Amino acid sequence: MSETTGASYAAAGVDIEAGDRAVTLMKEWVRKATRPEVVGGIGGFAGLFDASALKRYERPLLASATDGVGTKVDIARRMGVYDTIGHDLVGMVVDDLVVCGAEPLFMTDYICVGKVHPERVAAIVKGIAEGCVLAGCALVGGETAEHPGLLGADEFDVAGAGTGVVEADGLLGADRIRTGDAVIAIESSGLHSNGYSLVRHVVFDRAGWELDRQVPEFGRTLGEELLEPTRIYSLDCLALARTTEVHAFSHITGGGLAANLARVVPEGLHATVDRSTWTPGPVFTTVGELGGVERLELERTLNMGVGMIAVVPQESVEVALTVLADRGAGAWVAGEITARESGAAAVELVGDYAR
């Protein structure tokens, strides 16, 4: 009589011990991404945040956002570099929160892998924790899921959710914007985490470039340029709002500058943005030229060198530019708010980019 072997989780492709080791390795980094309001450490079923800290607010509004980093994860996988993609994740989440004036309080993450490689997962969490430190928020928990059969052994994806708080009378947005306001552009660090499906199609499929290709215009390899982490603006924006009057922010992500700025331009008003006030970085022109991508297509897919917009009254412009410069954030006046003519779009990009 032959002995049969029963099915097991391990035989199905899930390595519990590897998952436990990943948790052990990531604890060091999670401990660094904290705030005084965090209660307990990782390992519980839920992250805890002491909400009594909100008592100082007259009418606290909680803000929530969730996002991922799209197909940029493919670049990290191909490069074998996993400790920067977390910066992208944090930036995509917290900078959506800060648009309404909310201070990011805490984040949770979700990492889905085909196979748990403990050091790799820990490196991803390291990047998320470092991003949280840069954003001034805590990483209070997360989940690592192993999906054998659905993802390849080296494939992964990341997502995250964040919570912030803003005083009700400090809520920023379209209802504050007035005719005559200045549109201040804050530079991006590169592609950030949007448009990578187009970028990958152009550089890999159409141009046949490899990630280790040295690109003189970039001053580094293609892979290093594509993996440049997203700039995290939350502390810059909060400092700006504390220092001078700000009417609105717009996080320039998927859809590009015009579509995202339009989300905070109220009915009856119009934002004109002058392209001649800045020069997009080489990565944007390279993608356009390699792929024969029309300017409009580039502008509605990529940030073109502007990662965040601040709309401020004219009397706040000088202070705003000084605050941002002191924080190392390149910024300039890129346009203005005027009355909208019948049939006009909410946002119009005019002129040609400076060379």
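One term before we start clicking: buried means under 20% relative accessible area, exposed means over 50%, and partly exposed is in between (1.4 Å probe, protein chains only). You're looking at a predicted model, so local features need pLDDT of at least 70 and side-chain atom pairs count only at pLDDT 80 or more, while totals for chains, interfaces and linings use all residues. Residues are numbered from 1 along each chain as its sequence is written, and side-chain values use heavy atoms, with hydrogens and water left out.

**Stop 1: the whole chain**

Colour by secondary structure and you get eleven helices and 14 strands. Helices (H or I, at least four residues) and strands (E, at least two) are DSSP runs, numbered from the N terminus. The radius of gyration is 22 Å, close to the 20 Å that the globule rule gives for 355 residues, so the chain is as compact as a globular protein of that length. That radius is taken over C-alpha atoms, and the rule is 2.2 Å times the number of residues to the power 0.38. Along the principal axes, the C-alpha atoms fill a box of roughly 85 × 55 × 35 Å.

Of the 355 residues, 50% count as buried. Now for contacts, meaning heavy atoms within 4.5 Å: among those between residues at least 6 apart in sequence, 85% join residues at least 24 apart.

The chain has 29 positive and 50 negative side chains, and the centres of the two sets lie 1 Å apart. Lys and Arg count as positive, Asp and Glu as negative, with His and the chain ends not counted; each charge is placed at NZ of Lys, CZ of Arg, CG of Asp or CD of Glu.

**Stop 2: the aromatic rings**

Show the side chains of Phe, Tyr and Trp. How many aromatic pairs does the structure hold? There are four. Rings (for Trp, the six-membered one) pair if their centres lie within 6.5 Å; planes under 30 degrees apart count as stacked, over 60 as edge-to-face and the rest as tilted.

Select Phe49 and Phe106: this pair is tilted, with 5.1 Å centre to centre and 40 degrees between the planes. Phe49 lies in strand β2 (residues 48-49) and Phe106 in strand β4 (residues 103-113), so the pair ties together parts that are 57 residues apart in sequence. Phe49 is buried at 19% relative accessible area, whereas Phe106 is partly exposed at 21%.

Then go to Tyr82 and Phe156, an edge-to-face pair at 5.7 Å centre to centre and 65 degrees between the planes. Tyr82 is in the loop between α2 (72-79) and α3 (85-97), and Phe156 is in strand β6 (residues 156-167), 74 residues apart. Tyr82 is buried at 11%, and Phe156 is buried at 8%.

To finish this stop, select Trp278, Trp332 and Tyr353, which ring pairs link into a cluster.

**Stop 3**

Highlight helix α7 (residues 234-243), where Ser234, Asp236, Cys237, Leu238, Ala239 and Leu240 are buried. What do these buried residues of α7 pack against? Their partners are α3, β4, α4 (118-135), β10 (248-251), β12 (306-312) and α11 (317-326).

Move to helix α5 (residues 196-206). Its buried residues include Tyr196, Leu198, Val199, Val202, Val203 and Phe204, and their cover includes α2, α6 (222-226) and α9 (282-291). Just after α5, click on Gly208, which takes a positive phi of about 70 degrees.

**Stop 4: the loop between β7 and α5**

Zoom in on Ser193, in the loop between β7 (182-187) and α5. Is Ser193 buried or exposed? It is buried, with a relative accessible area of 6%. Leaving out residues up to four places away in sequence, Ser193 touches Val69, Lys72, Asp88, Met92 and Thr230. Draw a C-alpha distance from Ser193 to Asn303: the two are 110 residues apart along the chain, yet separated by 9.5 Å.

His192 is in the loop between β7 and α5 too. Its phi is near 60 degrees, a positive value in a residue other than glycine, and His192 counts as buried at 2% relative accessibility.

**Last stop: another positive phi**

Select Met304, in the loop between α10 (295-299) and β12. Met304 has a positive phi of about 60 degrees although it is not a glycine, and at 6% relative accessibility it counts as buried.
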